[in-house]
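This report examines selected features of one protein model.

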Amino acid sequence: MQALFVSVPLYQERHIVCARAATRAPFPLRTPRNGCFAAGHRHHCQHPLPLVVQRLPVARRHHALHLRMGPKQSQIAVITGASSGVGLYAARALINKGNWHIVMACRDVDRAERAANSVNLPKDAYTVLHCDLADFASVLKFVRELSSVARVDHLDALICNAAIWHPRDKKPRFTVDGIEETMQVCHLSHLLLCRELLPKLKISRGRIVFLTTQTHSPNSLPGKIPPQARLGDLSGLAAGLGPQTTGMVDSGPFEPTKAYKDAKAANVLTMKALSDRYGRDGVTSVAIFPGCVADSNLFREKRGWFRYVFFPILQKYITRQYVPNDEAGRRVAEVATQGQFSDSGSYYQWRGKYTEGREKTKPQVIEPTYEIDKADQLYELSLDLIDQALRRRGLKSTILAPV
């Protein structure tokens, strides 16, 4: 099956649902979810060509991007998705420790700058670099700029935080790399970042932290809620997760919530595989579920009654598992820095009810998903898929040899 690639600005991306109409429309498309309205094309339709959205960079100012490190800052962390939510507050928690400089890897540089100002981050304590995880070329450019522009020669922590979830989608979205978007943003691009930044992490004997969720594992109570995460035989991953597939790791029918849960399970398996390979080099790989942040931007595509009323009330007053962004960010910062979280290959979660007071909670090591034995296979298939995508686009790794 062929795919039709359409380049649109980021702010228009969600308005295009019909590939054929997109090629004819002389103006930005504004479409309902279940149909297609464009120049002379005003009927509900089903077209055989899958839509592959190519994101174009958001217009942004060109900043002086060299690190503006303060005199006491000696440690450097990269945080993906640091322009909001847990990522932003993890950045603030690390900066408050006094000796950390944060590189905020974000798709929208101006938004990240505004977010940093909103929580009063000192100007010399952070640097914003553009990084769109839906585009491998952008990830590689970020890594190059980290060295050549920001002049980072070592890295103490890489916090893989960014994620997307499109709960109302009926069909998969595919990136400019020709890969299902949820798996690329949540899993594959983070794995690419890990591989490219390993030399810098080795210098500092640094730490890789993956943020995950309880729903990644059917062993947990939230994980038992359908659709459950299940990686299966990884046949979809082996087939490339492209438009010729269903976009699902197990080759099953597309389901957006399962796609997100599968990607979070892949994060945990990747953490285990990295630990097995690079723990002996001093690079610690861990995962954390920082708590249920019911007001996270992850829920931005859920209906208003769920996002602003039902789910927060459920978590605050019924399950009492609610954790605010600042507390979740503090937990991430602790896992990224403290000695008690240095057992590579571990998955950490806080037990207890934060709504009854922080002192009522404590971190524990939790058994990961029942599919943890697939870690090596998933890791190798994922790297193969990344390298195939890079070759298709004529892109090259920033490292001279495998690490």
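Helices, here and below, are DSSP runs of H or I with at least four residues, numbered from the N terminus. The model under discussion is predicted.

## Helix H2 and Ala93

Ala93 belongs to helix H2, which spans residues 85-95 and is mostly covered, with eight of its 11 residues buried. These buried positions are Val86, Gly87, Leu88, Ala90, Ala91, Ala93, Leu94 and Ile95.

Ala93 has a relative accessibility of 17% and therefore counts as buried, the cut-off being under 20%. Leaving out residues up to four places away in sequence, Ala93 touches Gly329, Arg330 and Ala333.

## Packing of helices H5 and H7

Helix H5, residues 181-204, packs against helix H7, residues 256-278, at an angle of about 20° and with the axes 8 Å apart. Angles under 35 degrees count as roughly parallel, and H5 and H7 are therefore roughly parallel to each other. The crossing in which H5 passes H7 is right-handed.

On the side of H5, the contact is made by Thr182, Met183, Cys186, His187, Leu191, Cys194, Leu198 and Lys202. H7 contributes Ala259, Tyr260, Asp262, Ala263, Ala266, Asn267, Thr270, Leu274 and Tyr278. By residue class, the contact of H5 with H7 comprises 11 nonpolar, four polar and two charged residues.

## Aromatic pairs

A pair of aromatic rings is described by the distance of the centres and the angle of the planes. The model holds three aromatic pairs. In one of them, the ring centres of Phe341 and Tyr348 are 5.0 Å apart and the planes stand at 85°, so the pair is edge-to-face.

Phe341 is buried, at 3% relative accessibility, and Tyr348 is likewise buried, with a relative accessible area of 3%. Through ring pairs, Phe341, Tyr348 and Trp350 are linked into a cluster.

## Positive phi angles in loops

Arg151 is not a glycine, yet its phi is positive, at about 60°. Arg151 is placed in the loop between helix H4 (136-148) and strand S6 (157-160). Its relative accessibility of 66% is over the cut-off of 50%, so Arg151 counts as exposed.

Leu234, also a residue other than glycine, has a positive phi near 60°. The loop that contains Leu234 runs between strand S7 (207-211) and helix H6 (235-238). Which class of accessibility applies to Leu234? Leu234 counts as buried, at 0% relative accessibility, whereas Arg151 counts as exposed.

Definitions and conventions: Residues numbered from 1 in each chain as written. Predicted model: local features only at pLDDT ≥ 70, side-chain atom pairs only at ≥ 80, totals over all residues. Heavy atoms only, no water. Axes fitted to C-alpha atoms, helices over the stretch in contact; angles between N-to-C directions. Helix = DSSP H or I, 4+ residues; strand = E, 2+ residues; numbered from the N terminus. Parallel < 35°, antiparallel > 145°, perpendicular 65-115°, else oblique. Left-handed = near helix turned anticlockwise from the far one by under 90°. Contact = heavy atoms within 4.5 Å. Nonpolar A, V, L, I, M, F, W, Y, C, P; charged D, E, K, R; others polar. Phe/Tyr/Trp six-rings, centres within 6.5 Å; stacked < 30°, edge-to-face > 60°. Buried < 20%, exposed > 50% of the residue type's maximum accessible area, 1.4 Å probe, protein only.
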